[in-house]
Amino acid sequence: MHRSALILPASILASLTALAVWLWGFGGADQVARVAAEAQREVQNAMAGALRDLRAGEAGALATLWGLCFAYGFVHAAGPGHGKLVIGGYGAATNVRVGRLAGLAIASSLAQAVTAIILIYTAALLLGWGRTQMTGLADDVLAPLSYVLIGGVGLWLLIRGLRHLRPHQIRDDGHCATCGHAHGPTPEQAQSVNSWRDAVIIVGSIAIRPCTGALFLLILTWRFGIDYAGIIGALVMGLGTASVTVLVAIASGGFRESALQFVGQNYVARLGAWIEICAGGIVFLLASQLALRA
């Protein structure tokens, strides 16, 4: 492999690593989080106003509310978040089509909204919980648990990359010429089977922690007796979040493809394995730090 072929991939990876270090090592994430939190508070106040107008029967209040829900989801996703961390890390580490990765980002955001809906109506109708208890469960229990699961995703990617570095000579049938066993699935098997397993892992690690804004909306609409507005609003909020995570998915997939096209065909698998190792390591370290902070 020529050194020049590694310059661009290495520089991109170094830039991403430097960004991660600034975000979580030198307080950059806190600065971004403060800006995002202020924007979320402003949108949340506007949502409360739209709910009052909706109860009063004001024309256009419902459309305004749902538009604000989308905006809240967007500004919520613009801050440092675990959803982007998982989707970005998985997209950079895994040979998956960008369209499928974008679909995974949308599914994860909508699943997060569904988790909020299930939590609110289970807690409110069956347990009689209020807002403080629900948000406490989301922030104090589900958030740390989601970070632990995300760290597990990073560790899984890292170990998988290390396994892909093992020097085995593979025959055309996908079996090792040394021992005769298959050390991994063929590309066709990976696309048809592993993608579903991966999808469950990725979506589950993101969806387990519901958005606080969705909880706020659902609690108010439930108390006001306008449940449909809150349920649809939570899903619209998920689409707002997805608008950002889809961009992360496209960027991470593009990074992987651009890195691999600069090396010879004989080195694609090895460089892909190193990308898996680096992406998995970054996801594991950042998720571990977020879990400790939570």
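Two rings of Phe, Tyr or Trp, with Trp represented by its six-membered ring, are counted as a pair if their centres lie within 6.5 Å. With that in mind, and remembering that what we have here is a predicted model, a search of the whole structure finds zero aromatic pairs.

Aromatic rings do, however, take part in another kind of arrangement, in which the charged end of Arg55 sits over the ring of Phe224 at 4.3 Å from its centre, and the charged end of Arg160 sits over the ring of Trp156, at 4.9 Å from the centre of that ring.

Let me turn to helix packing, where the axes of helix α5, residues 98-127, and helix α8, residues 212-224, come within 9 Å and cross at roughly 45°. That angle is why α5 is described as oblique to α8, and the crossing of the two is right-handed. On the α5 side the contact is made by Ala116, Ile117, Leu119, Ile120, Tyr121, Ala124 and Leu125, while α8 contributes Ala214, Leu215, Leu218, Ile219 and Trp222. Sorted by class, this contact has 12 nonpolar residues, with no polar and no charged ones.

Technical notes
Residues are numbered from 1 along each chain as its sequence is written. This is a predicted model: local features need pLDDT of at least 70, side-chain atom pairs count only at pLDDT 80 or more; totals for chains, interfaces and linings use all residues. Side-chain values use heavy atoms; hydrogens and water are left out. Axes are lines fitted to C-alpha atoms, for helices over the stretch in contact, and angles run from 0 to 180 degrees between N-to-C directions. Helices (H or I, at least four residues) and strands (E, at least two) are DSSP runs, numbered from the N terminus. Angles under 35 degrees count as roughly parallel, over 145 as roughly antiparallel, 65 to 115 as roughly perpendicular and the rest as oblique. A crossing is left-handed if the near helix is turned anticlockwise from the far one by less than a right angle, and right-handed if clockwise. Contact means heavy atoms within 4.5 Å. Ala, Val, Leu, Ile, Met, Phe, Trp, Tyr, Cys and Pro count as nonpolar, Asp, Glu, Lys and Arg as charged, and the others, Gly among them, as polar. Rings of Phe, Tyr and Trp (its six-membered ring) pair if their centres lie within 6.5 Å; planes under 30 degrees apart count as stacked, over 60 as edge-to-face and the rest as tilted. A charge sits over a ring if NZ of Lys or CZ of Arg is within 6 Å of the ring centre and within 35 degrees of the ring normal.
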